[in-house]
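Colleague: I have just opened this one and have not looked at it before. Can you walk me through it?

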Amino acid sequence: MTDEDIYRRVGGIREPDPTLGRRPQPEPERPAVTLSPEPDPASGSDGAARPRRQRVVLARPKRVSSYSMRAKVELAEQTSWGRLLVRDLVKVQLRAGALLLGLVVVLLGALPAAFHFLPTLATVRVIGLPVSWVLLAVAPFPLLFAVGLWYNRLAERHERDFVAMIEN
């Protein structure tokens, strides 16, 4: 049969494939292919030497050390050592937060003290507004944003160090 016979057009509509729904014919058996063994260089045969196969590794196998596995199990089961590790992480995070809080309190607390001890500073005007209003109403927001960003980076660094310690 040719392709025209199978897909013969009748009134602009193709007829269905006549082999649809039938079992496929078994393929004839192919002769077995035998591979010739590699020529032995000691035998002195003239056959061309085929290159030897090489194993290519695209990634290092992940090996989990026993210490790393132990630390993960200790954390998951919340044993005394796992709690100690988590408590140390929390202490480091708390210390960073307390230091940055102290910095904000000192900087923002210094503004009213500066106006109290330097009364002439309260009379200075910028763009028609008293400097005291500008410093108390505008300056804290960029300061708080910067300190928040700084704390976020510190916290992420502490967490990365913690994970690296656990995995190594």
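Colleague: How much of the protein chain counts as buried?

Modeller: Of its 168 residues, 14% count as buried. Keep in mind that this is a predicted model. The accessible surface of the protein chain comes to about 15000 Å², and 61% of that belongs to carbon and sulfur atoms.

Colleague: What is the secondary structure of the protein chain?

Modeller: The protein chain has 5 helices and 4 strands. Read from the N terminus, the order is α-β-β-α-α-β-β-α-α.

Colleague: And the confidence, what is the mean pLDDT?

Modeller: The mean pLDDT of the protein chain is 77, with 67% of the residues at 70 or more. Among the elements, helix 1 (residues 3-6) has the lowest mean, 52, while helix 5 has the highest, 91. Where pLDDT is low, the predicted coordinates should not be read in detail.

Colleague: Let's take helix 5 then. How far apart are its end C-alpha atoms?

Modeller: They are 40 Å apart. Helix 5 has 28 residues, and at 1.5 Å a residue these should span 40 Å, so the two values agree.

Colleague: Which residues of helix 5 are buried?

Modeller: P140, V147, L154, A155, H158, F162 and I166. As background, an α-helix has 3.6 residues a turn, so residues three or four places apart point the same way.

Colleague: Why does H158 count as buried?

Modeller: Because its relative accessibility is 17%, and buried means under 20%. H158 sits in helix 5, which covers residues 140-167.

Colleague: What does H158 touch?

Modeller: Leaving out residues up to four places away in sequence, H158 touches L89, V92, Q93 and A96.

Colleague: What about K72, where is that?

Modeller: K72 is in helix 2, residues 66-77. K72 has a relative accessible area of 36%, so this lysine is partly exposed.

Colleague: Which residues does K72 touch?

Modeller: I166 and E167, not counting residues up to four places away in sequence. I166 is also one of the buried residues of helix 5. From C-alpha to C-alpha, K72 and E167 are 8.0 Å apart in space, though 95 residues apart in sequence.

Colleague: For contacts at least 6 apart in sequence, what share joins residues at least 24 apart?

Modeller: In the protein chain that share is 55%.

Colleague: Changing topic: which residues make the nonpolar surface patch?

Modeller: L103, L107 and W150 make it, with an area of about 280 Å². L107 is found in helix 3, residues 80-117. At a relative accessible area of 41%, L107 is partly exposed.

Colleague: What is there to say about the phi of I127?

Modeller: Phi of I127 is near 55°, which is positive, and the residue is not glycine. Most residues other than glycine have a negative phi.

Colleague: Where does I127 lie?

Modeller: I127 is in the loop between strand 3 (125-126) and strand 4 (129-130).

Colleague: Buried or exposed?

Modeller: I127 counts as exposed, because its relative accessibility is 82% and the cut-off for exposed is over 50%.

Colleague: Last one, V134. Which element is V134 in, and what does it touch?

Modeller: V134 is found in helix 4, residues 131-137. Not counting residues up to four places away in sequence, V134 touches L129 and A139. V134 is partly exposed, with a relative accessible area of 29%.

Note on methods
Residues numbered from 1 in each chain as written. Predicted model: local features only at pLDDT ≥ 70, side-chain atom pairs only at ≥ 80, totals over all residues. Heavy atoms only, no water. Helix = DSSP H or I, 4+ residues; strand = E, 2+ residues; numbered from the N terminus. Buried < 20%, exposed > 50% of the residue type's maximum accessible area, 1.4 Å probe, protein only. Contact = heavy atoms within 4.5 Å. Patch = residues over 30% accessible without salt bridge, like charges linked within 9 Å, V, L, I, M, F, W, Y side chains within 5 Å. Areas by Shrake-Rupley, 256 points an atom, 1.4 Å probe, with all protein chains shown as cover. Salt bridge = Lys/Arg side-chain N within 4 Å of Asp/Glu carboxyl O. Expected span 1.5 Å × (residues − 1). pLDDT = per-residue confidence, 0-100.
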